[in-house]
Amino acid sequence: MGTRVVVIGGGLAGMVTAAALRHRFDEVVLLERDKLPTGAEVRRGVPQARHAHLLVSGGARVVDSLVPGFLNRMLAEGAHRVNAPGDLVTMVVGWMPRRAGSQFLLSSSRALLDWVLRDMVSRDPRVQIRAESPAVELIGDAKRVRGVRGPDGVLEADLVVDTAGRGSRTPKWLAELGVGKVRTEVIDSGLAYATRVFLAPEAARTRFPVVNVQANSRIPEPGRGGVLLPMENGRWIVTLAGTRGGEPPATVDGYTDFAMNRIRHPILGELIARAEPLTGVHGTRTTSNQRHRYDELDLPEGLVALGDSVSAFNPVYGHGMSISAHCAFVLRAVLADGGSTRQAQRAIFRIGAGPWGMATGMDMHFPNVRGVQPGPLDRLRRAYSDRMGLTAVSRPRVYDAMTATYMLAKPMASLMAPGVLLDVLRGPIDPPLAEPPLTTDERRRAGL
């Protein structure tokens, strides 16, 4: 198609974009403003790097198609492949049952995932990764972008892809080119994170499930929840979360009390009480839902934004990385079909529309949310979602549909398929489980 593509941003979105486009361009130059570590180390430019991360199966399979061997390499480095929903101990409306499924989660530290992906992509001679090289300006006009200005001067390109994330400067650059003002939507529940890493009890360092207590937005109180994920090297990462007015403390004593007494069930507190802390408590508040409405503008050709540079989601839902992979995949597909970058941008926006509706549809119901207030239609959707969650406990067709859409393996519209609708209308057969469905063996291995 062309000679050179410049990718702005060296995180996961930038790497999967480089992987997607390396067969269509002679040269892929990736510009990253930070110094990149040489191994699986946390870097400053990833806001959520110290907190829990999941790559859901719908995204993991796409990454593996763009970077063949990625999943096997991750597992070899110690990542965990967690069956969904068979290895999920999760509280939604109530505790959900565990049953074999065809979906999965890839669970590891974000540092390991970034390093493995960067190492694999950088081995392609067509890909150049330039660390400590920020893009400072777009070169072109309102009709066409022709490159970027970096620390070494102008870098001409047939295509520029912005994957810089929440800190993207594309809205500012577009205004400077005379394209117009980009409308930005922000829906902010005020969610704060507090995270610690633990060495799991020796018997629980392999084959231990994900344990997730979701925040409850059905009551007029701040939402509080948390998740335990297995990581490489026999570790657990435990992220606690609370919306505005219910934030978890960033102190060891406050963190421990929050896990045991402030969320809907003390299971996370019980588990970490038997594990060895390896870190202090790390906090963050970079969690709002933010979306730039590039679909409303006549963008210049030669420019595309994707991933968090377009739609950044509350990370508690675990979709950001997978959506970035889908965006890179569809960008390649549109260009391969002879489509324009404007067409690609519209397709990228559509990819994020369903997950945006899910994330904001949950967040808007928490107290003191900023950016939106739920209306009658939002409350009706919430009532349907609640009934669907209750029904999924005892109707496998509904449970499978919920799991597949959450894992981004099927579109959100599949939740409205006739069979699923019929089952939801029929309602649940059995009530949710009263206690977390850990097996006797899992409880024993965790020291409970």
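What is the volume of the second largest pocket? In this predicted model, in which residues are numbered from 1 along each chain as its sequence is written, local features need pLDDT of at least 70 and side-chain atom pairs count only at pLDDT 80 or more, while totals for chains, interfaces and linings use all residues. Side-chain values use heavy atoms, with hydrogens and water left out.

The second largest pocket has a volume of about 260 Å³. A pocket is defined on a 1 Å grid over the protein atoms alone as an open set of points with protein on both sides within 12 Å along at least five of seven lines, whereas a cavity is a set of points where a 1.4 Å probe fits but cannot get out; lining residues have an atom within 4 Å of a point. Grid points are joined across faces, edges and corners, and the volume is the space filled by probe spheres set on the points. The lining of this pocket comprises 18 residues, of which Val42, Arg50, Ser109, Val197 and Arg235 lie nearest its centre. Two or more lining residues come from each of α4 (110-122), β13 (192-199) and β16 (235-242), and β13 supplies the largest share, three residues. Helices (H or I, at least four residues) and strands (E, at least two) are DSSP runs, numbered from the N terminus. By class, the pocket lining has seven nonpolar, five polar and six charged residues; Ala, Val, Leu, Ile, Met, Phe, Trp, Tyr, Cys and Pro count as nonpolar, Asp, Glu, Lys and Arg as charged, and the others, Gly among them, as polar.

Rolling a probe the size of a water molecule over the atoms shows where empty space is left. Three cavities of 30 Å³ or more are counted. The largest cavity holds about 60 Å³ of space, and its lining includes Val42, Arg43, Arg110, Asp114 and Trp115. Six nonpolar, one polar and five charged residues make up that lining. The second largest cavity holds about 40 Å³ and is lined by Gly307, Val310, Ser311, Ile323, Cys327, Ile348 and Gly352. Helices α8 (320-336) and α9 (341-363) are the elements that give two or more residues to this lining, which has four nonpolar, three polar and no charged residues.

Ser311, a lining residue of the second largest cavity, also takes part in strand pairing, as the bridge partner in β21 of Arg291. Strand β19 (residues 289-292) and β21 run antiparallel and are joined by two bridges; two strands pair if DSSP finds at least two bridges between them. These strands belong to an open sheet of three strands in the order β12-β19-β21, with antiparallel pairing. Its edge strands, each pairing on one side only, are β12 (184-187) and β21 (311-312). Helix α9 lies across β12, β19 and β21 and runs at about 150 degrees to β19. Axes are lines fitted to C-alpha atoms, for helices over the stretch in contact, and angles run from 0 to 180 degrees between N-to-C directions.

A further open sheet consists of three strands in the order β8-β9-β10, again with antiparallel pairing. The edge strands here are β8 (137-140) and β10 (153-156), and neighbouring strands are turned by 35 degrees against each other on average, direction ignored. Four bridges join β8 to strand β9 (residues 145-150), and Glu137 has Arg149 of β9 as its bridge partner. In the loop between β7 (127-130) and β8 lies Glu132, which has a positive phi of about 50 degrees although it is not a glycine. Another backbone feature is the cis peptide bond joining Ala84 and Pro85, with omega about 5 degrees; Pro85 is placed in the loop between β4 (80-84) and β5 (88-91).

Helix α10 (residues 376-392) packs against helix α12 (residues 418-426) at an angle of about 85 degrees, with the axes 9 Å apart. Helix α10 is therefore roughly perpendicular to α12, a term for angles of 65 to 115 degrees, with those under 35 counted as roughly parallel, over 145 as roughly antiparallel and the rest as oblique. Contact (heavy atoms within 4.5 Å) involves Tyr384, Arg387, Met388 and Thr391 of α10, and residues of α12 including Val420, Leu421 and Asp423. The residues of this contact divide into six nonpolar, one polar and three charged.
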